[in-house]
Every structure is written in structure tokens, then in C-alpha cells.
Amino acid sequence: MPSFSRSLIGSFVSPCRIWPALVLLLFPSAVTAEEPSLLDGWHDVWLFRFLVNMLGYSTIIIPGYLLISYFKRTNYAETGSGFCFPLIKTCVFGNEAKTSLLDDTSAASRNEADSGSTLKQALKLIFCAAGLQVSYLTWGVLQERVMTRSYGAATTNQEGEKFKDSQFLVFMNRILALTVSGIWCVMFKQPRHGAPMYKYSFASLSNILSSWCQYEALKFISFPTQVLAKASKVIPVMLMGKIVSHKSYEYWEYFTAVLISVGVSMFLLSSTTDKHPSTVTTFSGVIILIGYIVFDSFTSNWQDNLFKYKMSSVQMMFGVNLFSCLFTVGSLLEQGAFFESLGFMTRHSEFAFHAVLLSVCSACGQLFIFYTISQFGAAVFTIIMTLRQAFAILLSCFLYGHTVTLVGGFGVVVVFLALFLRVYARSRMKSGRRGAQPLAQKV
């Protein structure tokens, strides 16, 4: 064999030898703790998949950054012309004049709602509550089913095949949400859009990373643990709010944040480890959950800043999902995982049904979020979603056999009491502070 060929083959083989060694270095007990064949499937390690996904996103982000920098440096908004000028101006410059937050429509809707009959309002509230509960409870059950159970096993003795690519599920959710929000923007009148389109990419990237972490964490932790961790994201949201938006908080917000952290700690420290006995697995799950909370906290605060431009919540939903689809489909195609996932769908029709239904629940749930906040405000919406989280834990324990100890159950009660206390305290405030905005991504 010629020396050139040997060196070329060596350049491809060496990464395959380096990555297992790196896995052993980072997780020395992972081989015995998780799977005995880890070295044969090192490409399935969550850290490796995360880095590969980030590499795929960077192939889109870096050229985009260079183009945006070039157009701004050359003052293209003033000197540009031609067929592509309107598109480039919208994507890079937009309408830079910021306005107050778009709450007029929501306020008008709530005023109309207050003037309606009590029975009509009660029926509307039941409709919103039922829509949110059905959408997100179904979404939660399907999420756990897809990520923790196998497909294709004819009998209980067969192992079947597990779906592993969380990024494909994120893409499925985002493509349907993009379609729904696009149809909504076409059918109903929206305010004139003013934000540069590229600014949605920041919230989009953090959103798809938080969603990826949310799906991936279920391989290492139970669903009740994940739900409780999501309930405790009030703490990092407050921290991120200070960093990103320079917000200040009341004393009762800090008090309830401490209560939430105490309740979560009680639940986590008292949880049984029958399904995940390994300290490596638990550590991996905690790291992924921290990633989810950090990324999700940044998403909500960045979206809050974007509402300084005159836009509706559905326009926000469309802009974020547009970049999410671009990032995820680009990364999936570069990895070759897009057609592998489609092949999995063709082999297992049950998975295809679950993936589509998961996306439908996610998209419909987002629309229910917008409608509920516009009709009844953020406080009522928060109460409904807090109850949904409690129901999700109970439903998961019933369907999938998770056990909760007495101390853990008390911790759950402390968490949700703290959440209701936050809602009550916020509703009692009579200051003229701006109310919460309906954010485009909640799951």
C-alpha cells in the first residue's frame, strides 16, 4: 500500500481510537456502570453527540456571523440595492426602532373577557385548562415512552430497538410548530415586524439545546425528577435575568426560590435508585439537567428582550422555530442522522405515530399558551401549568412505576406550594411593573 494511502487511512482511524480513550478519561467507571460494550458504541455517549451537534450548528452560525458582520461593516442598509436587498435588510437590519412591549392586544382581550358573562368566562377557562392539560400531559407521557422504551419487540423476552437521536425529535417538534405559527400569521392580522431576523437565532440555539437536554436526560433520570427540576428553574431564570436583563427581584421571590430548592433537594436525596444505581449515570443526568435549565433560562430572558420590538407572540414562535429548523436539519444532514431516523420511522410505525403526536401536542400546547395568557393573564396560566406539572408526576408514577418516598413526596408538596405562593404574591402586587409576556417556547 502506498505511503500516502496509509497516512490517509490513519487520519480517519486515529479519531476512532482517540474518542474511546477520551471517554475512558472523562468517565473512568462508565464501562462497568452503564454498558459493557461502551467502547463499541462510543459514538452513542451523550457528550460526544452534544459536541457533534454543536459542530454542526457552527457550520451555519460562523458563515452567518461573517456575513452579518460584513453587511453591517459596509453599511449595506444605506448603500445596498438589487433583488436581494429587501431580504438582507430584513434579516440583518430589520426596523431598528424599538417600541414598547406589545401587550395592547392581550390587555384588550382581557378587558373584553372581563366584560363577558360569568358562564362564558368559566367555559372559556375550562377550555384553556383542558387544552393545556391534555396537550402537555400527553406530551410528557409520549416523551418518556419514546426515550426510555424500545420498539419492535414482538414478545416481552425480546429487547427491541431504542430510538437514540434526541435532535431528530427536536426537529420534528420545530417543523410542525413552524408550520402552525406560519399558518396562524397568514390567517390572522399581525403587527408590522421590526426585529432583525438574525436575533431570533440566539433564542433558537439555546432553545434547541435545552430541548435536546430535556430528551437526553430521560436516558439517565426518571421523568418525575426531570419535572421537578423544571419546576425549580425559577432560580436560574432569576440569575439569568440579572445577568441578561439587569432585573431586580422582591424579597418574596428569593424566599420562594429558596423553598423550591429545599423541596427539590428533599426529593432528589430521598429518591430510590433502583433504575439508575450508578453514580456515573446519576452524574450524567444531573449535568444534562443543569444544561437544560441554563439554556432554557437564557431562552426566556432573550425572548423577553426581543419583545421590545413590536411583535406578537406567534411571530416570535415563527422566528425562533424558523432558525431551529435550519439548525437541526443542517446538523442532522451533516451527521447522516436524518435519513437514519427516517429509516427508524419506516421500520417502526408505532414510533412514527408517537413522534408525530408528540409534535402535534407541542405545537397545540404553544397556541394554548398564547390564548390563555391573552384571555386570563400570566397568573392564571402559571397556576394551570403548575397543576400540570403535579399531574405529570402522578401520571408518570402510575404508568411507568416510579416510586416516591414519604420525604420525597413532602419535597414535591413544598415545591408546588412555593410555586403557588409566587403566583399569589405576584397577583397581589399593585406596582406598575410590566406584566409577563407569553414566550414562544415552553417545552
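Modeller: Start at the side chain of S135. One of its polar atoms lies 2.7 Å from the backbone oxygen of G131. The model is predicted, so side-chain atom pairs count only at pLDDT 80 or more. S135 is found in helix α7, which covers residues 118-148. An α-helix has 3.6 residues a turn, so residues three or four places apart point the same way.

Is S135 buried or exposed? S135 has a relative accessible area of 7%. The cut-off for buried is under 20%, so S135 counts as buried. What does S135 touch, once neighbours within four places in sequence are left aside? The list is C361, C364, G365 and F368.

Helix α16 spans residues 349-376. The core as a whole has 84 residues. Within the core, the residues that touch the most other members are L132, F168, L169, Y200, L228, M311 and F351.

Take L169 from that list. Leaving aside neighbours within four places in sequence, L169 is in contact with V146, M147, F163, Y215, F351, A355 and L358. F351 is itself among the core residues that touch the most other members. A second core of eight residues is separate, and F85, V92, F93 and Y198 are included in it.

Helix α7 has a charged link to helix α16 as well. The side chains of R145 and E350 meet in a salt bridge, with N to O at 3.6 Å. R145 sits in α7 and E350 in α16, 205 residues apart, so the pair links distant parts of the chain. The two ends differ in cover. R145 has 15% relative accessibility and is therefore buried. E350 has 41% and is therefore partly exposed.

Next comes helix α15, residues 337-347. Its buried residues are A337, F338, S341, G343, F344 and M345. What do these buried residues pack against? They pack against α8 (166-187), α14 (313-335) and α16. Helix α15 also holds R347, whose partner is E161 in the loop between α7 and α8. The side chains of R347 and E161 form a salt bridge at 2.9 Å, N to O. This pair spans 186 residues of sequence and links distant parts of the chain. E161 is partly exposed because its relative accessibility is 30%.

How many salt bridges does the structure hold? There are four. One of them joins the side chains of E216 and R49, at 1.7 Å, N to O. E216 is in helix α9 (residues 200-217) and R49 is in helix α3 (residues 46-73). They are 167 residues apart, again linking distant parts of the chain. Both E216 and R49 are buried. Shared partners extend the link: R49, E216 and K219 are joined into one network of salt bridges.

N75 lies in the loop between α3 and α4 (76-79). Phi of N75 is near 55°, a positive value in a residue other than glycine. Most residues other than glycine have a negative phi. N75 has 38% relative accessibility and so counts as partly exposed.

On the surface, there is a nonpolar patch. F283, V286, I287, I290 and V294 form it, with about 410 Å² of accessible area together. F283 belongs to helix α13, residues 279-306. At 48% relative accessibility, F283 is partly exposed.

Last, the whole protein. The secondary structure comes to 18 helices and zero strands. Of the 443 residues, 49% are buried. Among contacts with a separation of 6 or more, 85% come from residues 24 or more positions apart. The protein exposes about 22,300 Å², and carbon and sulfur atoms supply 68% of that area.

Note on methods
Residues are numbered from 1 along each chain as its sequence is written. This is a predicted model: local features need pLDDT of at least 70, side-chain atom pairs count only at pLDDT 80 or more; totals for chains, interfaces and linings use all residues. Side-chain values use heavy atoms; hydrogens and water are left out. A nonpolar core is a set of buried Ala, Val, Leu, Ile, Met, Phe, Trp, Tyr and Cys residues joined through side-chain atoms within 4.5 Å. Buried means under 20% relative accessible area, exposed over 50%, partly exposed in between (1.4 Å probe, protein chains only). Helices (H or I, at least four residues) and strands (E, at least two) are DSSP runs, numbered from the N terminus. Contact means heavy atoms within 4.5 Å. Patches are made of residues with over 30% relative accessible area and no salt bridge: like charges are joined within 9 Å, nonpolar side chains (Val, Leu, Ile, Met, Phe, Trp, Tyr) within 5 Å. Accessible areas come from the Shrake-Rupley method with a 1.4 Å probe; for residues, only the protein chains shown count as cover. A polar contact is a pair of N or O atoms within 3.5 Å; within protein, one must be able to donate a hydrogen and the other to accept it, and residues adjacent in sequence count only if both atoms are side-chain atoms.
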